[in-house]
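I opened this notebook to keep track of what I looked up, residue by residue and strand by strand. The sequence and structure go in before the entries.

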Amino acid sequence: GYGKIFIPNSKTFYEGEFLLNLFNGKGLLISEKGDSYFGSFKNGEPYGQGELNLNNGSNYCGDFKNGFKEGTGKEIFPNGNKYLGNYYKNERSGSGKYIFMKGNDKDLLYTGNFEKGEMNDTNGLLQWNDGKQYQGGLKQGKYDGNGVLTFINNNQCTGIYTGEFKNGNSFKIPTILNFFE
């Protein structure tokens, strides 16, 4: 059937379809903090297509399974950064794209593999807005392994890279060179 319920102990409101006293089918769930989920439910949990809006400003639209973000989705974070790709149990997992924003403009795009929410790929691609790019190893969101750094004048530096990059503003590659814009 269809109904509305307020759950006092968790201060949660639900409106939608029920089956055997569980949220089942289409519905809207709103928490005390103002977080909301609108989409499909199965056995009381988000399951299938849905949209999750958190009170911190983040928004996820995509697949859910047993209450987790799982499958394909798009997430926009409070700082404006965006992720489009695969999830497994609420973490970025498998292939995807992560867009680092600077104000309203794209600053850096990562295309590659994710593992446990982090950039992990032997051949990931980082593309800065100004035309620089890096293709090569990344592990836990840092340079790690063989790669090619291509500058805006098309000069290339091939080698073993380790270290951090920071949203395209600067990056540190201790084993090869230090470069700051």
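Leaving aside neighbours within four places in sequence, which residues is Tyr110 in contact with? I worked on a predicted model, and there I found Tyr110 in contact with Gly96, Lys97, Tyr98, Met119, Asn120, Asp121, Gly124, Leu125, Leu126 and Leu138.

Entry on the core. I looked up the largest nonpolar core and noted that it has 25 residues, with Tyr98, Tyr110, Leu126, Tyr134 and Tyr143 having the most contacts inside it. The largest share of this core, three residues, comes from strand β10, which spans residues 105-115.

Entry on the hairpins. I followed the strands from β12 (residues 121-128) to β13 (residues 133-139), which pair in the antiparallel sense over five bridges, and I noted Leu138 in β13 as the bridge partner of Asp121. These two strands form a hairpin with four residues between them, and Gly131 in the turn has a positive phi of about 110 degrees. I then found β13 paired with β14 (residues 142-150), again in the antiparallel sense, over six bridges, with Gly147 in β14 as the bridge partner of Gly136. In this hairpin two residues lie between the strands, and Gln140 in the turn has a positive phi of about 50 degrees. Going on from β14, I found an antiparallel pairing with β15 (residues 156-163) over eight bridges, in which Asn146 stands opposite Ile160. The hairpin of β14 and β15 has five residues between the strands, and Asn154 takes a positive phi near 70 degrees.

Is Lys116 buried or exposed? Lys116 lies in the loop between β10 and β11 (118-119), and I count Lys116 as exposed because its relative accessible area is 67%. Not counting residues up to four places away in sequence, Lys116 touches Glu91 and Arg92, while Gly141, 25 residues apart from Lys116 in sequence, is 11 Å from it, C-alpha to C-alpha. Asn24, in strand β3 (residues 22-30), has a relative accessibility of 19% and therefore counts as buried, the cut-off being under 20%. Beyond four places in sequence, Asn24 touches Tyr14, Glu17, Phe18, Leu19, Phe41, Lys42 and Asn43.

Entry on aromatic rings. My count came to 17 aromatic pairs. One of them, Tyr83 with Tyr87, is edge-to-face at 5.2 Å centre to centre, with 85 degrees between the planes; Tyr83 is buried at 0% relative accessible area, and Tyr87 counts as buried at 4%. The rings of Tyr98 and Phe100 have centres 4.7 Å apart and planes at 55 degrees, so I noted this pair as tilted, and both Tyr98 and Phe100 are buried. I also noted one aromatic cluster whose members include Tyr14, Phe18, Phe41, Tyr83, Tyr87 and Tyr110. The ring of Tyr60, another member of the cluster, has the charged end of Lys69 over it, 5.4 Å from the ring centre, and the charged end of Lys89 sits over the ring of Phe68, 6.0 Å from its centre.

Technical notes: Residues numbered from 1 in each chain as written. Predicted model: local features only at pLDDT ≥ 70, side-chain atom pairs only at ≥ 80, totals over all residues. Heavy atoms only, no water. Core = buried A, V, L, I, M, F, W, Y, C linked by side-chain atoms within 4.5 Å. Buried < 20%, exposed > 50% of the residue type's maximum accessible area, 1.4 Å probe, protein only. Contact = heavy atoms within 4.5 Å. Pairing = 2+ DSSP bridges. Phe/Tyr/Trp six-rings, centres within 6.5 Å; stacked < 30°, edge-to-face > 60°. Lys NZ or Arg CZ within 6 Å of the ring centre and 35° of its normal.
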